[in-house]
Every structure is written in structure tokens, then in C-alpha cells.
Amino acid sequence: MDKKNFAFDKVNFILLAIGMVVIIIGFVLMSGGESTTEAYDASIFSPMRIKVAPVVCLLGFVSIIYAIIRKPKN
């Protein structure tokens, strides 16, 4: 097949994979212990979970959007 028929090239797929890894890292940063009625866990309000992890996920989504709209070189 001719390479001009593909919408994405190798760089687009690499950027998509990097974006997915960044999003997964963001979700892992958000995970952790939980508070129940018997035990209160104050770490649910840590800055890592409520500030850093959502920004990491947002950067991952932005990089995926860039990878989708990026035009391959001729």
C-alpha cells in the first residue's frame, strides 16, 4: 500500500502512546487509600491527588489531541 493513504504516520502513533502513558500515570497518582465510616484517611485531600494528578491527566489528553490533529510530513 502507498503510505500517502494513511492518516497517521509513525510519529503520530508514538505521540498517541506517550499521551496514553501520561494519562495512566495521572490516574495512578489519583488512586490510593479510601476513607470509610470506620477509618478516616486524610490523604484523600493531598495535593498530589487533587492538584498534580488532574494536571498530569490534562497534559496527557492535550498531547493525544495534538497527536490526532498533527499532519504527517510528506
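Cysteine 57 touches Ile23, Gly26, Phe27 and Met30, not counting residues up to four places away in sequence, where contact means heavy atoms within 4.5 Å. The model is a predicted one: local features need pLDDT of at least 70, side-chain atom pairs count only at pLDDT 80 or more, and totals for chains, interfaces and linings use all residues. Residues are numbered from 1 along each chain as its sequence is written, and side-chain values use heavy atoms, with hydrogens and water left out.

**Helix H2**

- Cysteine 57 belongs to helix H2, helices being DSSP runs of H or I with at least four residues, and strands runs of E with at least two, numbered from the N terminus.
- Helix H2 covers residues 47–69.
- The 23 residues of H2 should span 33 Å at 1.5 Å a residue, and the end C-alpha atoms are 32 Å apart, which agrees; the expected span is 1.5 Å times one less than the number of residues.
- H2 has a kink of about 30 degrees at alanine 53, shortly before proline 54; the bend at a residue is the angle between axes fitted to the seven residues ending there and the seven starting there.

- The buried residues of H2 are Arg49, Ala53, Val56, Cys57, Gly60, Ile64 and Ala67.
- H1 is among the elements that cover these buried residues of H2.
- In an α-helix there are 3.6 residues a turn, so residues three or four places apart point the same way.
- Leucine 58 also lies in H2, but leucine 58 is exposed because its relative accessible area is 52%.
- Valine 55, another residue of H2, counts as partly exposed because its relative accessibility is 45%.

- Helix H1 covers residues 10–30 and contains asparagine 12.
- Asparagine 12 counts as buried because its relative accessibility is 0%.
- Leaving aside neighbours within four places in sequence, asparagine 12 is in contact with Ala67, Arg70 and Pro72.
- Valine 21 is found in H1 and is partly exposed, with a relative accessible area of 47%.
- Between valine 21 and cysteine 57, 36 residues apart in sequence, the C-alpha to C-alpha distance is 9.6 Å.
- Glycine 26 and valine 55 are 29 residues apart in sequence, with their C-alpha atoms 7.8 Å apart in space.
- For glycine 26 and leucine 58, 32 residues apart along the chain, the C-alpha separation is 8.6 Å.
- Cysteine 57 and lysine 71 are 14 residues apart in sequence, and their C-alpha atoms are 24 Å apart in space.

**Salt bridge**

- The count comes to one salt bridge, defined as a side-chain nitrogen of Lys or Arg within 4 Å of a carboxyl oxygen of Asp or Glu.
- The side chains of arginine 70 and aspartate 9 form a salt bridge, at 3.2 Å from N to O.
- This pair links distant parts of the chain, 61 residues apart: arginine 70 is in the segment after H2, and aspartate 9 is in the segment before H1.
- Arginine 70 counts as buried, at 15% relative accessibility, whereas aspartate 9 is partly exposed, with a relative accessible area of 22%.

**Nonpolar surface patch**

- Ile65, Tyr66, Ile68 and Ile69 make a nonpolar surface patch of about 440 Å².
- Patches are made of residues with over 30% relative accessible area and no salt bridge, with like charges joined within 9 Å and nonpolar side chains (Val, Leu, Ile, Met, Phe, Trp, Tyr) within 5 Å.
- Accessible areas come from the Shrake-Rupley method with a 1.4 Å probe, and for residues only the protein chains shown count as cover.
- Isoleucine 69, one of the patch residues, lies in H2 and counts as exposed because its relative accessibility is 63%.

Technical notes:
Buried means under 20% relative accessible area, exposed over 50%, partly exposed in between (1.4 Å probe, protein chains only).
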